[in-house]
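Before reading on, please take a moment with the sequence and the model shown here.

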Number of protein chains: 2
Amino acid sequence: MLSAITRPTAILNESIARTNIRRMAEKARQQGVQFRPHFKTHQSAVIGDWFREAGVQAITVSSVEMAAYFAAHGWTDITIAFPVNWREIAAINDLAGRVDLGLVVESVETAEFLAANLSAPVGVWLKIDTGYHRTGIPWDNGDRLRTVAAAVQDGAKMALRGLLTHAGHSYGARTPAELQTIYDDTVQNLAAARIVLAGEEITGLTNSLGDTPCCSVVQDFSAVEEIRPGNFVFYDLTQVQIGACQREDIAVAVACPVVALHPDDHKIVIYGGGVHLSKEALVQSDGSRHYGELAIPTADGWQPFGPENTLVSLSQEHGIIHASAALMSQVKIGDLLLVLPVHSCMTVNLLKQYHTLEGQIIPMLGWAGV
Amino acid sequence: MLSAITRPTAILNESIARTNIRRMAEKARQQGVQFRPHFKTHQSAVIGDWFREAGVQAITVSSVEMAAYFAAHGWTDITIAFPVNWREIAAINDLAGRVDLGLVVESVETAEFLAANLSAPVGVWLKIDTGYHRTGIPWDNGDRLRTVAAAVQDGAKMALRGLLTHAGHSYGARTPAELQTIYDDTVQNLAAARIVLAGEEITGLTNSLGDTPCCSVVQDFSAVEEIRPGNFVFYDLTQVQIGACQREDIAVAVACPVVALHPDDHKIVIYGGGVHLSKEALVQSDGSRHYGELAIPTADGWQPFGPENTLVSLSQEHGIIHASAALMSQVKIGDLLLVLPVHSCMTVNLLKQYHTLEGQIIPMLGWAGV
């Protein structure tokens, strides 16, 4: 099915993606937690349907635009896991009038803004910084927890649902034990925040946890009520490095035409650059960086060619592969090579559509060809 | 005019862009060289018209898709400055039948492929590696120069035009003197290659040189017949670092809503992440990396806020600014900040449309909203 590919194209192994979805859905079911997968990774109504077939009814997105897209495709329970953007209040109100909308609040200012400007009811999650230090209310800042929670409760159209966190520092982990420690710290910090709020008689809250690494590796979710992983649908080399998956679990690769060979320099040049793959680099243990590993097309998908073959540099359209003699000997100009992405979310966002191994073309939000 | 902006948006200062275009066009005219600007930076028919108004008639692109887009918008002299992608031969033939098409060849295999598969005449440039070591025929590899040139001349539909190089190592320069040295080496190496080919009685060739840094700084182009800079239309922080422009020459910035403030951590959180700005990082002299500098909206555009305020990390949708006390004191949640891009080509490619300061919306190739 790759024979018709002429330019850099996201190739999706539907079977692997569906297995990744089913495995996480089953884990959530067994653990008795709400599974609210993050759809920012795939951004596709068709792939959303695969989640629905696995029993998913509630989703997470990272922008108002994505929420509107998935609402238009029949999703009715949507959390926008991003600090409320005041400038989109009109679109937020439109959505809140149509779906069960969850918003994320981390400041008194935003709670007061919503109290003054919401025209329909929403659920509100307090965004808690449990150690990632990107944004959110620091879990140990009792004053801020209390004042923001009180401001949310003062809003007639806001129902306080619970504490939402993204343990993004899990991306720095390299072993299951490190991930377990990050998870344990995270839920301990959420519990401490809940105790502070209970002191204000704010109870009945739930804990919502993001991040694919923890959700992939941790087996006991008794301390949370909801998980929101996203990347796991495709996984990528970053998740392999963390230990959240194996190379064989990666469901998406970018097919790139070979345009030049420089055997003396162990170099293959592909049509596939930063505008196709993103400039997200994988920093290896020795400090070196690369932009993807290579795989060879096979009859039923692709075969990873080993970590010694990597994309060592990217221009806007060019990719430069440092190739082993074994890879070099198999490749001719005009062939396709497949690139396993460093960060699948960023890569597929650039390509805007998927070609499945079965030849189906699946559009994403923002695809100009729709 | 920024008041209507609700989400991350490329803001274009048309006046600066037109000045950048006019300045480079004028320099080429004074130097008597063909000006064939690279349109991969802006990817927009409307901005293409600004070049036309400055007297430009010949252009460079980096993909067959871009060539087809600009051909559809009336451009008739187009070089695709990327090694020929065999898998797009049908589209190449379609274009070759309609416009004066220039292709780039660096191998005997590709020359023979074109000889066997072209259905309409094209001009051919030999891609010469003059020191960047991305791809191309090494300037000092006489055997390969001779055999590729001969294979091109054997093709009935191929006319050998000259030697094309991109001195991309100019991006490592930090002073005008370093840029001048790279330029001098580049044209010296092209001259050496020309001497080799003249020995085969291949004469009448021209030299075509890319790269915004050299084209911005070098004043004497007597050794080349054509220049192909692209980035200069917008410039960016990378070009400032190289010394190819001043911050005041940057024509594009990304307006991003402020969604959270953490004054104790000197941190501002914006809606503006890797999917809006790209993950292209500027590596500073101390080895630290950032993803953009900040500017404040003004009545007639923006005012850079100084290099001490930078985007220190990017997630898919979040940007984290390390903010000075001066910046922090001026910003509220809901405000817009402007991000000066590290690499404008990559950033605008993600955003797919421009909003000018005058309120015009300009689409790019691939904009889903067209």
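## Basis of the report

The structure is a predicted model, and the values given in the following sections should be read with that in mind.

## Helix α2 of chain A

Helix α2 of chain A covers residues 45-53, and its buried residues are A:A45, A:I47, A:G48, A:W50 and A:F51. These buried residues pack against a set of elements of chain A, namely the helices α1 (14-31) and α3 (64-72) and the strands β1 (9-12), β2 (34-35), β20 (353-356) and β21 (361-363). The N-terminal end of α2(A) is capped by A:S44, which has a side-chain oxygen 3.3 Å from the backbone nitrogen of A:V46, while just after the helix A:G55 adopts a positive phi of about 95 degrees.

Within this helix, A:A45 can be looked at individually. A:A45 has a relative accessible area of 10% and is therefore counted as buried. When neighbours within four places in sequence are left aside, the residues in contact with A:A45 are A:Y69, A:F70 and A:H73.

## Helix α12 of chain A

Helix α12 of chain A runs over residues 344-351, and because eight of its eight residues are buried, the helix is largely enclosed by the rest of the structure. The buried residues are A:S344, A:C345, A:M346, A:T347, A:V348, A:N349, A:L350 and A:L351. In chain A they pack against β1, β11 (252-262), α10 (274-277) and β20, and in chain B they pack against α10 (274-277) and α12 (344-351). Just after α12(A), the residue A:K352 takes a positive phi of about 70 degrees.

## Residue A:T238

A:T238 belongs to helix α9 of chain A, which spans residues 237-242, and with a relative accessible area of 16% this residue is buried. Apart from neighbours within four places in sequence, A:T238 is in contact with A:Y171, A:L282, A:V342 and A:H343.

## Two helix pairs of chain B

In chain B, helix α6 (residues 142-153) packs with helix α7 (residues 176-198) at an angle of about 60 degrees, and their axes are 10 Å apart. The two helices are therefore oblique to each other, and their crossing is right-handed. On the side of α6(B) the contact is made by B:G142, B:L145, B:R146 and B:A149, and on the side of α7(B) by B:A193, B:V196 and B:L197. The residues of this contact comprise five that are nonpolar, one that is polar and one that is charged.

Helix α3 (residues 64-72) and helix α4 (residues 89-96) of chain B pack at an angle of about 30 degrees, with their axes 10 Å apart. At that angle α3(B) is roughly parallel to α4(B), and the crossing of these helices is left-handed. Here B:V64, B:A67, B:A68 and B:A71 of α3(B) meet B:A91, B:I92 and B:L95 of α4(B), and the residues of the contact divide into seven nonpolar, no polar and no charged.

Note on methods:
Residues are numbered from 1 along each chain as its sequence is written. Chains are lettered from A and ligands numbered from 1 in the order in which they are written. This is a predicted model: local features need pLDDT of at least 70, side-chain atom pairs count only at pLDDT 80 or more; totals for chains, interfaces and linings use all residues. Side-chain values use heavy atoms; hydrogens and water are left out. Axes are lines fitted to C-alpha atoms, for helices over the stretch in contact, and angles run from 0 to 180 degrees between N-to-C directions. Helices (H or I, at least four residues) and strands (E, at least two) are DSSP runs, numbered from the N terminus. Angles under 35 degrees count as roughly parallel, over 145 as roughly antiparallel, 65 to 115 as roughly perpendicular and the rest as oblique. A crossing is left-handed if the near helix is turned anticlockwise from the far one by less than a right angle, and right-handed if clockwise. Contact means heavy atoms within 4.5 Å. Ala, Val, Leu, Ile, Met, Phe, Trp, Tyr, Cys and Pro count as nonpolar, Asp, Glu, Lys and Arg as charged, and the others, Gly among them, as polar. Buried means under 20% relative accessible area, exposed over 50%, partly exposed in between (1.4 Å probe, protein chains only). A polar contact is a pair of N or O atoms within 3.5 Å; within protein, one must be able to donate a hydrogen and the other to accept it, and residues adjacent in sequence count only if both atoms are side-chain atoms.
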